[in-house]
Amino acid sequence: MAGTGGPVATFSVWDYVVFAGTIVSAAGIGLFQAIRGRKETSSAEFLLGGRQMTAVPVAMSLTASFMSGITVIGTPAEAYRFGAAFWLFGFSYAIMSAITAEIFVPLFYRLGITSAYEYLEMRFNRLIRLIGTSMYIVQTALYTGLVIYAPALALNQITGLDLWGVLVATGAVCIVYCTLGGLKAVIWTDVLQMVIMLAGFVAVIARGAVLQGGLTKIWQDAAEGGRLDAFDFDPDPLKRHTFWTIVVGGSIMWTSIYSINQSQVQRYISCKTLGHAKMSLYVNMVGLWVTVSLAVFSGLTMYSIYKNCDPLSNGDIGTPDQLLPYLVMDILAAYPGIPGLFVAAAYSGTLSTVSSSINALVAVTVEDFIFPLCKNLTQKQVTWLNMGLSVFFGALCIGMAGVASVMGSVLQAALSIFGMISGPLLGLYLLGMLFRTTNSIGGLSGMIIGLALTLWVGIGGQIYPPTDEKTKPLSVSTSGCNNSQSNTTASPWTSPVTLTQQPDFRPPIADSWYSLSYVYFSLFGMLTTMVSGLLLSMITGGCKQEKLNSDLFVTKSDLICFTCCRKSEASEGTEKASTDLHMGVDNLAYTDIDETSKVLGNAAELKRKDRCYHILKATLTELDAF
C-alpha cells in the first residue's frame, strides 16, 4: 500500500520503451534539423538559428533550459521537506522577466552581439571580456555536471543501471543533436522536452489525488503539516527561505541567470524581431509559473501520501533527492509506461539544459577565443570547429558530474553556483550599462572583490552547512510505516550516497557569515561589485573618461515596450529609432548581415560591418542615453 514504507517496484519493459522512445525522439529532432538545414551551414545559422526564431518556441526553450532534471527532482523534495515557500519564486520570475526584457534585451539587440560577453569588450576592454567568458565557462561546466548527475542518480536507483553508464549516455545524446543540429535543434527539442516534463508532474498529481481522495484532501494535509505557511516576513538574512530572501534575493539571482547567461541570451537574440525577443521572455515567465506550481504541488502530494511514513527517516531511501522517484515507483508502477514517462520527464529537463549549455559554451568559445586569433577561417572550417567543440564540451560536462556527486542537495547547490559567480558578473554589467563613470580598472577590481567575497561565503557555507535552526525543515513522521515489510527485504534505494555532513569542528563564523541564505549570494555579489567598482572608478579617473558611445548604455527608448509597438505601427515606412525598427518588423540589420555573410564568408569582417552599421545608425537617430 502506498505511503506505508518498504520496497517498491522497478522498471517494466514498457517503462524502458517509453523512456527510450523519448531519448530517440530528442536525437531525431537534431538529425532532422541537420538534414533540413544542410545547405545553411553558416556559424550564425548553427549558433543563432539564423536569427529567425519566433517567440513561442524560444519561450518554451528558455523555460526548459533552467527547469532541468534538478527542478523535476529537487523542487518537489524541497516542498515536501520545507513547505510551499519555494512557490514565491513566481514573484521573482515576474521581476526578472521585466528587467531582462526592458533593459538587457534592447541593449544586446541594438549592439547585434552573438556572445553576451562581447559587451564587456565594447564597454571596457578585451581582458575583462575574457575573464567574464572564463567565469561563465567554469560556472556552466559545474552546473551542467550537477544537472547530469541528479536524474542519473534517480535512474540508477530505479533501474539498477550503472550510474556512470547512464551519465555517459545522457551526455552522448546531447552531443549528437547539438553537434548536428545547432541552436534550432536545441530549441525545438526543448519544446518537446518541456511538454514531457509537465506531463510527468501532472501524472504524479493526478494519481496522488485519486489515492488521497481529491486535490482538496492533499491541500488540507499540507495545511495541517505546516507546508502552506509560505509568507514568512522575517527580515533575518540568515534564514534560508523567507518572503524577502526569495522575492528580493531570488529576483536578482534569476536576473543574473536570464540577462547575462549566454545560454539564455543566445536564445532571445535568435528571434527575428525585438518584439519576438521581448515576448519570448514574458511567455517564458508564464511557463516558469506553471512549472514551479506543478513541481511544488507534486511535493505537497508527496507529503499527503507520506505524512505518516517518511521514506527518508524510515530508511527506505538514502537522500532527499530520491523522494520523487521513490514516490513514482510506489504509486505509478501499476501503470506500465508511466514510471518511464516520469524518468523521461527528469531526463528531458536534463537534456534541454545540457544541450543549451553545450551550444552556449561553443558560442562563447568561438566568439571570444577563436575568432580573435584565427581571423581568416573559411565557413567550412568554422562549421567543423563548432561541431568539434560541441563534442569537447559535452565530454567536459560529463566529467564534471563527478564533482557534482559531492555537493549535497542538488537544487540548492545549483542555485548557489549561479549566485556565487553570476552575481558579481551582473554587477559588472550594470556598472557598464548604467554609469558612465565606471572605467576598466574600477569595473574589474569591483568584480574581483565581489567574486572573492561570494566565493568565501558560498564555499564556507558548503563546508559548514547552516543548522536546522536556520533552514527550518518541517516535521515528518514514521508512525504509520510498515516496518516489518521494509526490514525483511533489501531496498535498492538505500545505497550509500555522498551528502554534505556537519563537520566535528564548527567555528563561530559558521553560524553568522557562512549561514547567509544561499538566495542572497547574487544580491550580495552584485552590490559589493557595484559599490566597490564605482568608488574605485572615481578614484582612478573614471569621471575624466573620453566621450563614450551612447549605444553602450541603457536608453530611454529601451524602457518603453508597448509604446514602441504603437509607434512602429503608426510610422510604417518612415525612418524609425533603432528600438522601433526592430520591435515589430523583421530585423533588417540582421537580414543585411546574413546576406553579407554569404558573400564574404568571413566572420571577423562580418562583425566589423555589424558594429559599424549600429554605430552609424545610433548617430543618425541621435538616441538620448541616460
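Guide: What follows starts with helix α12 and its partners, and then moves on to other parts of the chain.

The model is predicted, so local features need pLDDT of at least 70 and side-chain atom pairs count only at pLDDT 80 or more, while totals for chains, interfaces and linings use all residues. Residues are numbered from 1 along each chain as its sequence is written, and side-chain values use heavy atoms, with hydrogens and water left out.

The chain has 24 helices and 0 strands. Both are DSSP runs numbered from the N terminus: helices are H or I with at least four residues, strands are E with at least two. Of the 626 residues in the chain, 59% are buried. Buried means under 20% relative accessible area, exposed means over 50%, and partly exposed is in between, with a 1.4 Å probe and protein chains only.

Helix α12 covers residues 274-306, and helix α5 (residues 89-111) packs against it at an angle of about 165°, the axes being 9 Å apart. Axes here are lines fitted to C-alpha atoms, for helices over the stretch in contact, and angles run from 0 to 180 degrees between N-to-C directions. The two helices are therefore roughly antiparallel to each other. Angles under 35 degrees count as roughly parallel, over 145 as roughly antiparallel, 65 to 115 as roughly perpendicular, and the rest as oblique. The crossing of α5 and α12 is right-handed; a crossing is right-handed if the near helix is turned clockwise from the far one by less than a right angle, and left-handed if anticlockwise.

On the α5 side, the residues that meet α12 include G90, Y93, A94, E102 and Y109, and their partners in α12 include L274, K278, Y282, W289 and V292. The residues of this contact divide into 16 nonpolar, 4 polar and 2 charged. A contact means heavy atoms within 4.5 Å. For the classes, Ala, Val, Leu, Ile, Met, Phe, Trp, Tyr, Cys and Pro count as nonpolar, Asp, Glu, Lys and Arg as charged, and the others, Gly among them, as polar.

Helix α4 (residues 69-82) is another partner: its angle to α12 is about 55°, with the axes 7 Å apart. The pair is therefore oblique, and this crossing too is right-handed. T71, T75, P76, A77, A79 and Y80 of α4 make the contact, with α12 residues that include T291, A295, L300, Y303 and Y306.

K307 counts as partly exposed because its relative accessibility is 23%. Its contacts, not counting residues up to four places away in sequence, are Q212, K217, D221 and S477. S477 is 170 residues from K307 along the chain, yet their C-alpha atoms are separated by 6.3 Å. Helix α13 itself (residues 323-331) is mostly covered, with 8 of its 9 residues buried, among them P325, Y326 and I331.

Y119 touches L107, F108, L111, Y429, G432, M433 and L552, leaving aside residues up to four places away in sequence.

Helix α16 spans residues 410-434 and holds I417, which is buried at a relative accessible area of 4%. The C-alpha atoms of I417 and S522 are separated by 9.6 Å, although the two residues are 105 apart along the chain.

The axes of α17 (residues 440-463) and α20 come within 7 Å and cross at roughly 150°, which makes α17 roughly antiparallel to α20. This contact has 7 nonpolar, 13 polar and no charged residues.
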